[in-house]
Amino acid sequence: MNRIFNLLKVAMKSIVKNRMRSLLTSLGIIIGVSAVIVMVAVGQGSQAKIAEQVASLGTNLIVVFPGISKSGGVSQGAGSFNRFTLNDAKKIKEQATLVKDVSPIVRSGGQVIGGGTNWSTTINGVSPEYFDLRNWELEYGEFFTDRDVEVCKKVAILGNTIADELFPGQDPTGETIRIRNTPFTVIGVLKEKGKNAMGNDQDDIIFAPSTTVLYRLKGRQFIDMINAGAISTDKMEAAQAEIRSILREAHKLDEGDDDDFTITNQTEITDMASSTSRTMTLLLGAVAGVSLIVGGIGIMNIMLVSVTERTREIGIRLSIGARASDILVQFLSEAVVLSLIGGIIGILLALLVSGILNNFTDLRTVIKPLIVFLAFAFSGSVGVFFGFYPARKAANLNPIDALRYE
Amino acid sequence: MENVENVIVTKKLTKVYQMGAVRVHALKGIDMTVRRGEFVAIMGASGSGKSTLMNMLGCLDQPTAGDYFLDGKNVNSLDRNEYAEIRNQKIGFVFQGFNLLARTTALENVELPLMYDRLGRIKEPHKAAKSALERVGLADRMDHLPNQLSGGQQQRVAVARALVTQPAILMADEPTGNLDSLNSIEIFGLFQTLNQEGITIVMVTHERDFADYAERIIEMRDGRIRRD
C-alpha cells in the first residue's frame, strides 16, 4: 500500500515538475470532456424544452388538415372536396362523442394599427373552445363567446407580444385597433407563452372569432384546419377514427376512396421533434467523444516522449531493485492522473460554458450527473488505455540497456 | 556451495554477445569465489570483460552459461522479479557515472531503494537513509540536489544509496572513473573504512594505484582470469 502511494507521489512530482507540458497534454482531455458534456447538455436541454411544450399544448390535441397525406404514391391533386368549411368543424362538434372541444382555424395576416403605432402579425380566427384546447390563459379582459362567433363580432384578443408593441405597459382592453383597415375592439390580452420548439414567438399573434376573420378579413369560406381535443389521452386513437368517419361522410367519400384530409396529433409531432433532437444529441456527443480520443492520443504521445527522455531514470530504478510492475505502475499512474486532472478541469469548464449558454443565449442546457460521471470515468479509461503502451515499453527495458542510454 | 562464508561463487560463468553476425565471447568461463568481509579489486584493460563480469555479479545482466551463487543462492534460474529483488536486497551497486536521479535531493535518492523494498526489512526508511548519509559523511548535504554537489560528494551519495538496504555485498564499477585523484582517494578511503567495518566489497578499477587499497586483486584479460 505504502509502495503504491509512493509510486503515485513520484508520478505527481513528475507532473508538477513539467507543469507546462502537463497542462498542454491534459488540454486534449479538457477540451474533449467539456465538449462531450456541453454538447449532450445542449441536446438534453432541447429535449426538455420540447417535453415542456408538449405539456403546454395539451397532449390530447388532434389536428386535422385538408389535403391528402398518402395515397399509394399517386397524388390525387386538389379535388373538388379538398377543403374544409366551418360546416366540417360543426359536424365534428355535433356528432363526435369522444371529442370535447373543437375549433376551426382560419389563418390570416397583415398590418395591425393601434396605440399610435403598427405591427405586422398573424391573425387566427378560432372558436372560444380553442383557448381551452391550447392552454391559453388571459392576462387582461375576457375571451369572446359563441354568440360573438355567430354574429361575426369584430373583437380581438391580443398575444402578449402584440399588446407590448402596441400598448406598452398598459391594459389595452376597450381600445380599438385596425386590422387591414377593419376596426376591432380589444377585449383581452393573453398570458405570455414564449418561443416554441422552432424558435418562433408564440405570442406574436391575434385571435378573433373564426367567422369574423373568414368573412370580414378574408372574404371566403374555406378554413385552414381544425383542432379538436379528445376526452382523454387513451381515447386519442378512437377519437381520431371517429373524426375520420364523420369527415368521410361529410365529404361523401365512397368505400374505396382515399381520405381527402390528414389527421395527426400533437404527440406524434412532438415525438418526431424529440427523436430528432435525441439523434442530434447522440451525434454531437459522438463527435465530442472523438475529440476525447484525440486527447488520449496526445497523452500517449507525450508519455512515449517521456519514457524515452527518462530511460536513464528507469535504468537507475531497475538497477536498485524496482520491478517491471513498479515502473509500469509509475508511468501508468502518471498518464491516468494527467487525464483525470484533464477530466476534472473539463467538467468545471463544461459547467461554466453551459451556465453561460443558459444565461446569455437562447440555448437551454441540462447537465445530468450521470453524464458528468461518465465523462470523468471515460477520461480515466482514456488514461489507462493510452498510458498502457508507453508504460509497458518503459517497464520492459533491460536495466543495462537503460543505464547505457544517452 | 552452501558455505555462507562465500558470498560469491561462480562456476564457468560465460557471456556471449551477439553483435549482428559476430559472436563476441566477453566472458570465457569465470571461476571465482569471494569470501565474506573481503575487499576485492578486479583489474584489466578495457575490453578484458571486467565490466561484463561486474554486471553479471550485480545481477544487472544474465550470463549465457555457468552458475552464479550469491549469498548461498543460485541466481541463474530466477525470473525478472526475483532478479529485481536480489538487486534490491542483496546488492549495493555503485556506478562510474553516479547514476543519481536529477532534481531529487540526496536524501530522496538514498531512500529510493527502500521504496521498492517489498520485504519491509528496513523499518524506518527515512531514518535509515539519514544514517546511511551520515555514514558517508554527508549529514550536512541531505537536502542538496545532485547538481549542487561535487563529483566526490555525488559518488558518496551513491554509496549511501547502495548501503541503505544493508546488502550482503557492495559492488562498484569504476567508482572513481569520473573523479579527480583527490576525490578518488576520498572514495577509496571510504571503501576501506566500510570494509574495516565488515562490508564485503568487489570493485572494478583500471588504476593500479588504487587497486592497492584492496586486499586482493583479480586481473582479467580476454574474458579470463589471468591472475588472482
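Me: Which residues of H3(B) are buried?

Reply: This is a predicted model, in which local features need pLDDT of at least 70, side-chain atom pairs count only at pLDDT 80 or more, and totals for chains, interfaces and linings use all residues. Residues are numbered from 1 along each chain as its sequence is written, while chains are lettered from A and ligands numbered from 1 in the order in which they are written. A residue is buried if 20 or more other C-beta atoms, placed from the backbone, lie within 10 Å of its own, exposed if 12 or fewer, and partly exposed in between. By that rule, the buried residues of H3(B) are B:Ala106, B:Leu107, B:Asn109, B:Val110, B:Glu111, B:Leu112, B:Pro113, B:Leu114 and B:Met115.

Me: Which helix of chain A do the buried residues of H3(B) pack against?

Reply: Helices (H or I, at least four residues) and strands (E, at least two) are DSSP runs numbered from the N terminus, and H3 of chain B, residues 106-115, is mostly covered, with 9 of its 10 residues buried. Two residues are in contact if their C-beta atoms, placed from the backbone, lie within 7 Å. Within chain B, the buried residues pack against helices H2 (80-89), H4 (125-135) and H5 (151-163), and from chain A they pack against H1.

Me: How many residues of chain B does the contact take?

Reply: On the side of chain A, the elements that give two or more residues are helices H1 (2-17), H10 (311-319), H11 (324-360) and H13 (399-404). The contact takes 15 residues from chain A, and the number from chain B is 18.

Me: Is H3(A) parallel or oblique to H8(A)?

Reply: Helix H3 (residues 86-95) and helix H8 (residues 236-250) of chain A pack with their axes, lines fitted to C-alpha atoms over the stretch in contact, 10 Å apart and at an angle of about 130°. Among the residues that meet are A:Ile92 in H3(A) and A:Leu247 in H8(A). Angles under 35 degrees count as roughly parallel, over 145 as roughly antiparallel, 65 to 115 as roughly perpendicular and the rest as oblique, so H3(A) is oblique.

Me: Over which residues of chain A is the pLDDT below 50?

Reply: The pLDDT, the predictor's confidence in each residue from 0 to 100, has a mean of 85 in chain A, where 94% of the residues reach 70 or more. One stretch has a pLDDT below 50 and, beyond near neighbours in sequence, 9 contacts in the model, and this stretch is residues 69-81.

Key
Axes are lines fitted to C-alpha atoms, for helices over the stretch in contact, and angles run from 0 to 180 degrees between N-to-C directions.
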